[in-house]
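Please read it beside the sequence and the structure shown here.

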Amino acid sequence: MPWTCLLLLASLLRPSDGYLGRDWRHGHARFRARNAGSVEVSCASLNAAERHADVADGATGNAAPAVQRFAERLAQWRQNEELTPPCREEALHEALCRDSAWLLNHSRRWTKYPRETMWEGWMADLESHELNESECRSFGIDYKPKGWYPQVFHWGEGFLSHPAMAKLLEDEEYVDVLFRSSELVSNAPTAQTVTVRGSDFRTERLQALSHLRILARASGLNLDEIEQVVEFGGGSGEMAALFFDLGFHGSYFIYDLPAMLLMQRFWLRRAGIPAMLGAKLGKMPRSSQAQIFLESSKSGFPLRLRRAAKRHSAFFGFYSFTEADGQSRARLRPFIEDFGVILLTFWQSFDYINNLDYLEKWMTSLGRHHVLAWSVASENWLENWPLGYYFLAVDQELGSPKCLLELNCGPSTVVPRLTSKWLWDL
Ligand SMILES: *[C@@H]1O[C@H](CO)[C@@H](O)[C@H](O)[C@H]1NC(C)=O
Ligand SMILES: *[C@@H]1O[C@H](CO)[C@@H](O)[C@H](O)[C@H]1NC(C)=O
């Protein structure tokens, strides 16, 4: 899709005022001073455990105990009413400044090269804030209001006027899941919220839950059946956060550009989720707790991927995979194309790659999977632009995708070229 169309799309998807939620500065009174002394103590010990995990030596395999200790401390910390008193904010920003200098030192700096694509420009912008001594210290407050790129929280606002949002809120069972995910504490203080049954939720949470609902309903799979996730392009990290908050116990990998990983780690940890930069770790043993790894092409990610779990692994790419250049797609495919579940959202074409052609070709090589693709919003798949499509592939051993009206899937919205013939015998 050309850039001008994206701009148009962004303006079409502006949130309506009716959904505007509370401003965090006025309403965020969850922290009660009842136990200020002990909060200070455990804040200091959490910060120390976090620092220790971040400098532990992954190369010699010594990182695991430190990471485990940090995850335990953070789990205790999550019991607090307020996750981000000043001592915690300071430590989170300190870690961002320190590790931006470290990680971006070892990777390509977009600021130094001519930027040809939209994403290259965005990465140059993000890196400049992460590497700036004062901006990396005001990151949590300035990111959204100052409109720093990429505008990950703005994407979530776009979901408010998306037809899938209404379908999600009509689904009582998934509104219950929303409350079970206990997302009452904001990981981004300035992100927009929506009030559902009297409680506030960030728009990104609703969008992530909508993806999860579509995955679960269309594949018939339950979260417990997934042991490992690789997500290509994690945005603000919301999908990983949702999995974590719903009690996921497996490994969740976000595969993204280094500057994005630094941002995601910041938001995830701010929400009490122990995300680790893969580049700092060696091979990590399997843990009974969720492990969230932030990976890029040079972080040694295959070391931590469990090939034995491939049938119970899911690959997600929400617009990201089908917006990436051919080389980045090709680099990742060998690791994920034998996963039990592949779920993508995509535009018809992006940056001159025709995604219908691309996915059709890929589909023929996915011999073990049933494939279903459909329009999420329009009445007819041909009229789908600009709301995008879903592409779901499920290993035959795990089941067969179902085309359900409640997901806007039906005879007229199925994309014939991208659907296994036996799934829509029309
Ligand atoms: C960045 O890289 C240079 C050269 O390898 C090194 O001397 C310097 O210590 C690095 N800085 C950080 C913050 O890691
Ligand atoms: C760092 O950010 C501050 C605040 O936005 C800005 O005034 C300053 O020029 C930046 N420094 C550099 C070296 O870009």
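Predicted model: local features only at pLDDT ≥ 70, side-chain atom pairs only at ≥ 80, totals over all residues.

The expected span of a helix is 1.5 Å times one less than its number of residues.

- Helix 13 (residues 258–270) has 13 residues and reaches 19 Å from its first C-alpha to its last, which is close to the 18 Å expected at 1.5 Å a residue.
- Helix 13 is mostly covered, with 13 of its 13 residues buried, and it is followed by G272, whose phi is positive, near 85 degrees.

**The sheet as a whole**

- Strands of a sheet pair through backbone hydrogen bonds, either parallel or antiparallel.
- In this model an open sheet of 8 strands has the order 5-6-4-3-7-8-12-11, and its pairing is mixed.
- Strand 5 (275–277) and strand 11 (369–375) stand at the edges of the sheet, each with a single partner strand, so one side of each is left without a neighbour in the sheet.
- From one strand to the next, the twist of the sheet averages 15 degrees.

**Strand 4 and its neighbours**

- Strand 4 (residues 251–255) is mostly covered, as 5 of its 5 residues are buried; S251, F253 and Y255 point one way from the strand, while Y252 and I254 point the other way, and all are buried.
- Strand 3 (residues 228–232) and strand 4 run parallel and are joined by 5 bridges, with Y252 in strand 4 as the bridge partner of V229.
- Strand 4 and strand 6 (residues 291–295) also run parallel and are joined by 5 bridges, and here F293 in strand 6 is the bridge partner of F253.
- Together with helix 12 (residues 238–245), strand 3 and strand 4 make a right-handed β-α-β unit.

**Strands 7 and 8**

- Strand 7 (residues 313–318) pairs with strand 8 (residues 341–346) in the parallel sense over 5 bridges, and within this pairing F315 stands opposite I342 in strand 8.

**Backbone details**

- Most residues other than glycine have a negative phi, and most peptide bonds are trans.
- The peptide bond from Y149 to P150 is cis, with omega near -10 degrees, and P150 lies in the loop between helix 7 (139–142) and helix 8 (152–158).
- Y319, although it is not a glycine, has a positive phi of about 70 degrees; its place is in the loop between strand 7 and helix 14 (326–336).
- Because it has 17 C-beta neighbours inside 10 Å, Y319 counts as partly exposed.
- N408, found in the segment after strand 12 (389–395), is a residue other than glycine with a positive phi, near 65 degrees.
- Since a residue is buried if 20 or more other C-beta atoms lie within 10 Å of its own, N408, with 21 C-beta neighbours inside 10 Å, counts as buried.

Terms used: Residues numbered from 1 in each chain as written. Chains lettered and ligands numbered in written order. Buried ≥ 20, exposed ≤ 12 C-beta atoms within 10 Å, placed from the backbone. Helix = DSSP H or I, 4+ residues; strand = E, 2+ residues; numbered from the N terminus. Pairing = 2+ DSSP bridges. Right-handed = clockwise from strand over helix to strand, strands pointing away. Axes fitted to C-alpha atoms, helices over the stretch in contact; angles between N-to-C directions.
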